[in-house]
Amino acid sequence: MSSEKKGLKNNMNALSKEKFLIRDDEIFMRMNLAERIQHFILIITFLILIVTGLPLLFYNIKFLKSLFSIEQSFYTRGILHRAAAVAMILNLIWHTLYTVFTSRGRNNFKEMIPKFKDLKDAFKIFWHNTGLTRFLYRRGILKKFFASHPYWLFEKPPKYGRYNFIEKFEYWAVGWGSVVMIISGFFMWNVELSLSIFPLWAHNIFIILHGYEAILAFLAVIIWHMYNVHLNPESFPMSKIWVNGKITGKELRILHPLEYKKILENRMKADQSNQRE
Amino acid sequence: MKKFLILSAFFMLACVPLFSEADEDCMICHEDPDLKTEEGTLLFIESVKFLSSVHGESGISCVGCHSDLQGFEDFPHKEKLETVSCGECHDKAAEEFKASIHSEATIKKDSLIVSCKDCHGKHDIRNKDDFDSRVFPLNLPQTCELCHLGKVKRERGVEFIKQYEKSIHFEGLEKAGLTTSSNCSNCHGAHDIKAVHHPLSRVSRENIIGTCGTCHVGIERDYLEGVHGKDYAKGSKDVPVCTDCHSEHDITSPQNLASSVYKTKIAEVCSRCHDDEALSRQYGFLTSRLKTFSDSFHGTASKFGETRVANCASCHGFHAIRPSSDPKSSTHPGNLPETCGNCHPGAGKNFAEGKIHVISEKISNKWAYLLKIFYIILIIVIVSIFLIFIAADIFHRVFRRRKRE
């Protein structure tokens with residue numbers, strides 16, 4: 001009993017020390033200004049591309065047809081689509097240069113590299129959320145197995161780093177999608193060039209790629225990104241990070257515990273060396 | 001000088017309308033504007049109108065037409081005269097008229113009796129080239145509409161006749177004043193007018209090509225060289241004739257948005273036959289032309305009202321359409337670079353390497369087919385995973401909240 005209390009007290013000490021080093025209301029920059037501008041340009045260009053592109057795949061829907069009912073609007077649509085594409089490509093180039101040439105960019109990129117842990121995290125969070133195994137354990141089903149293998153109870157959610165598996169998936173989906181869309185879109189833009197290199201059937205493949213990848217990207221953003229970042233009950237109606245870039249120490253501790261831990265360790269080391277001096 | 005005075009006096013005398021002596025007898029009574037029968041029918045004859053009519057000018061007397069009063073002296077004559085028989089002089093027109101639908105109506109003793117005077121007028125008949133003639137090209141539509149907008153039973157409704165006023169032919173008459181622009185009689189005939197489906201009718205399937213070809217000579221030649229025209233010449237009932245694509249009374253220029261063959265509408269016109277299962281089996285052509293065209297960028301853009309993209313006619317031609325197996329066809333593989341090159345400068349032979357608007361990609365473009373399947377599966381799988389994860393997340397939040405409470 002007393003040892004338990006002692007442990008609790010130690011914990012409390014550690015916690016207060018932690019709170020001293022990273023206050024709950026301390027502000028961290030999750031997205032700096034450059035990153036926010038890149039994200040904003042991506043939103044705008046993506047929206048324009050979707051609005052001016054996706055209706056072409058659903059030409060039988062009257063509502064979509066009425067979007068282009070004004071004379072010359074279909075022609076303007078084409079110009080807008082390509083202009084937005086160019087803007088998006090320039091944004092992508094900026095992002096690439098930013099990633100290569102700034103230390104923050106390089107660090108972000110390192111954090112973004114997918115690891116096997118991400119796959120395990122996805123698995124863990126799913127079973128943690130469903131709570132199926134804990135339900136079975138409480139009902140006494142497979143009790144022995146769960147008692148000796150508590151991992152399968154998924155009591156705690158996985159601890160994420162600076163970027164969790166959801167964010168990594170989205171980032172690399174944008175990367176992959178951009179490559180597909182830029183290549184196929186370039187050849188659709190320059191039909192004459194495309195058909196001087198490729199036969200017609202290969203050109204048709206570009207068209208199919210461009211269309212289906214667009215549907216996939218649209219659904220991914222509407223469903224996955226919107227729910228996980230903005231529409232889930234915790235941050236509804238939206239997370240403000242994309243506007244002001246700020247995340248608090250408390251949010252960091254809950255949402256990105258490994259990054260929090262990393263910062264904490266760094267500060268502890270600095271703290272200790274200060275104390276030694 | 002004296003000579004000139006006599007001459008001019010003679011000339012002036014000739015210009016003043018004058019009745020012959022015999023006709024003056026008639027005019028003693030008929031000049032009275034109030035002369036009426038007991039039923040109230042006006043019997044007044046306006047002398048100026050008669051004398052300036054084609055008959056008056058050429059000096060035909062009253063009894064020349066009202067022949068039952070020839071030599072009659074004991075005036076006043078009986079109230080009801082016999083019907084004037086124009087055919088005694090106009091024998092050719094009368095003969096043609098006898099075989100016409102208007103005459104049939106007469107024979108059938110329908111409520112409607114059509115005779116010469118209904119179109120040409122009575123005492124005031126003028127030469128057909130006279131501006132004031134009822135059958136002068138610019139006036140004829142109004143003359144026909146007198147009955148055909150009102151009294152006559154119409155298979156296709158009054159609107160169908162009225163549509164003519166929206167046509168390019170009417171515009172030619174009204175706006176451009178072209179007497180050569182088609183009025184009613186140019187297509188339907190005049191004295192010999194027949195019912196539309198009568199084999200001798202000028203607008204029947206059998207004769208329409210020749211009728212339109214009277215003016216549109218070059219188009220008739222092109223049409224008869226094309227695949228449709230060749231079968232038409234063989235007597236096929238399935239091939240389209242002019243009116244099947246261009247419509248009838250309301251025919252407009254293909255540049256007009258209202259035209260059935262306007263750039264963005266033509267695909268629907270062609271697919272009326274080219275999407276028809278029975279016709280495709282009989283003639284061995286492909287169906288689903290509209291759908292496969294609409295799926296292409298040309299078709300999609302066209303559906304959105306873009307006119308700069310290719311439509312059926314841009315590649316296949318129009319009046320002289322030939323099958324792609326014909327080396328002269330614009331869609332023959334050898335000619336495709338040139339055809340596509342009209343819009344895509346520098347189009348090479350790759351434009352022909354692969355098929356366009358195919359029904360089944362499974363056969364014609366295996367890679368495209370596999371790619372589509374791959375993407376459909378990918379989208380379904382990824383979206384399902386998204387939804388399952390989101391459902392689990394929502395479940396957890398709800399469950400946790402309930403536990404706390």
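The model is predicted: local features need pLDDT of at least 70, side-chain atom pairs count only at pLDDT 80 or more, and totals for chains, interfaces and linings use all residues. Residues are numbered from 1 along each chain as its sequence is written, chains are lettered from A and ligands numbered from 1 in the order in which they are written, and side-chain values use heavy atoms, with hydrogens and water left out.

**Where chain A meets chain B**

- In this interface, 45 residues of chain A are in contact with 41 residues of chain B. Contact means heavy atoms within 4.5 Å.
- The two chains bury about 4100 Å² between them. Of that area, 71% is on carbon and sulfur atoms. Buried area is the accessible area (1.4 Å probe) that two parts lose on being put together, summed over both.
- The rule finds 1 salt bridge across the interface of chain A and chain B. A salt bridge is a side-chain nitrogen of Lys or Arg within 4 Å of a carboxyl oxygen of Asp or Glu.
- B:Arg397 and A:Glu234 join their side chains in a salt bridge, at 3.1 Å from N to O.
- On the side of chain A that touches chain B, the elements giving two or more residues include helix H4 (73-101), helix H9 (165-189) and helix H11 (200-231) of chain A. Helices are DSSP runs (H or I, at least four residues), numbered from the N terminus.
- H11(A) gives the most to this side, with 15 residues.

- Chain A has domain 1 (31-112 + 162-246), domain 2 (115-159) and domain 3 (248-277). The bounds come from an automatic or database domain assignment.
- The centres of domain 1 and domain 2 of chain A, taken over C-alpha atoms, are 36 Å apart.
- A:Glu259 sits in helix H14 (residues 257-276) of chain A.
- A:Glu259 counts as buried because its relative accessibility is 14%. Buried means under 20% relative accessible area, exposed over 50%, and partly exposed in between (1.4 Å probe, protein chains only).
- Not counting residues up to four places away in sequence, A:Glu259 touches A:Arg30, A:Tyr160, A:Gly161, A:Arg162 and A:Leu252.

- B:Ser53 lies in the loop between helix H3 (47-51) and helix H4 (54-57) of chain B.
- With 0% relative accessibility, B:Ser53 is buried.
- Beyond its neighbours within four places in sequence, B:Ser53 is in contact with B:His123, B:Asp124 and B:Ile125.
- A polar atom of the B:Ser53 side chain lies 3.3 Å from the backbone oxygen of B:His123.
- In helix H13 (residues 208-215) of chain B, the buried residues are B:Ile208, B:Ile209, B:Thr211 and B:Gly213.
- These buried residues pack against helix H12 (184-188), helix H14 (217-225), helix H15 (227-233) and helix H16 (242-246) of chain B.

**Cysteines**

- The structure holds 0 disulfides over all chains. A disulfide is a pair of cysteine sulfur atoms within 2.5 Å.
- B:Cys184 is in no disulfide; its nearest cysteine sulfur, that of B:Cys144, is 3.8 Å away.
- B:Cys184 is partly exposed, at 22% relative accessible area.

How values were computed
A polar contact is a pair of N or O atoms within 3.5 Å; within protein, one must be able to donate a hydrogen and the other to accept it, and residues adjacent in sequence count only if both atoms are side-chain atoms.
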